[in-house]
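Hi there,

Here is the structure I promised to pass on to you. Have a look at it first, and then read my notes below.

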Amino acid sequence: MSQTAAPARKPNRMPLLLMVVVFAAPVLAAWFFYLNPEYLPTTRSNKGELIEPMVKLDTDSGLVNPDGNPFDLSQLSGRWTLVSLNRAPCEDDCRNRLTALRQIRLALGETRFSVERLQILTGADDTAALTRDFEGMHIALAQGNAESKLLEALGKGASALDRTYILDPMGNLMMRYQADAPAKDTLKDMERLLKASKNWIKGAQYGHK
């Protein structure tokens, strides 16, 4: 008398699902609260002002290099970027802010390699001295319609100038600081953002966007 073969047991995928949840949860939580700040507790610790809605910098932004060619925003993709937005020419206050951004990046230690610096100038300027004095910093110009479009999007008009901003790895201006905000405020926020998105940034740098 032949025996009926026992039905094949389905593989237990629960351990795999649990592993996915364990590793993904911190990243998902960080981005959920980042993209939905209204759900953060009132005692949230960020020092800057969240920009709501965030302002996307893309090819339609009209930013150009000092030589007049379109600014390649892809060179910032997958990295957090410290941004200074000023009206040309970049004089003492502007230069002091750029010096502060350089020091903030250095203070981030090993994680500084995930951070870029960008100076956006409205209007024309001779940027040769900036390129020389702030090595490794990107420079973009917002002229004409690009300037008015950017200031309008930020919702602050001319008061959007002379400020520090944080650009996220997806190209969104998402946080800003008053002109007189201490550099330590930006440093603390960058430390928290880098910690919260460490896994996401690592994936972006390897092309897993």
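Of the 209 residues in the protein, 39% are buried. Please keep in mind that this is a predicted model. The accessible surface comes to about 12500 Å², and carbon and sulfur atoms hold 55% of that area.

As for the overall layout, there are 6 helices and 6 strands. Starting from the N terminus, they follow the order α-β-β-α-β-α-β-α-β-β-α-α. Among the contacts with a separation of 6 or more, 66% are between residues 24 or more positions apart.

Which strands pair with E6? One is E1 (residues 49–56), joined to E6 by 4 bridges in an antiparallel arrangement; here Val55 stands opposite Leu173. Another is E5 (residues 163–167), which also runs antiparallel to E6 and is joined to it by 4 bridges. In that pair, Tyr165 lies opposite Arg176. E5 and E6 make a hairpin with 4 residues between them, and Gly171 in the turn has a positive phi of about 90°.

Is Asp185 buried or exposed? Its relative accessibility is 15%, and because the cut-off for buried is under 20%, Asp185 counts as buried. Leaving aside residues up to four places away in sequence, Asp185 touches Lys47 and Tyr177.

Happy exploring!

Definitions and conventions. Residues are numbered from 1 along each chain as its sequence is written. This is a predicted model: local features need pLDDT of at least 70, side-chain atom pairs count only at pLDDT 80 or more; totals for chains, interfaces and linings use all residues. Side-chain values use heavy atoms; hydrogens and water are left out. Two strands pair if DSSP finds at least two bridges between them. Helices (H or I, at least four residues) and strands (E, at least two) are DSSP runs, numbered from the N terminus. Buried means under 20% relative accessible area, exposed over 50%, partly exposed in between (1.4 Å probe, protein chains only). Contact means heavy atoms within 4.5 Å. Accessible areas come from the Shrake-Rupley method with a 1.4 Å probe; for residues, only the protein chains shown count as cover.
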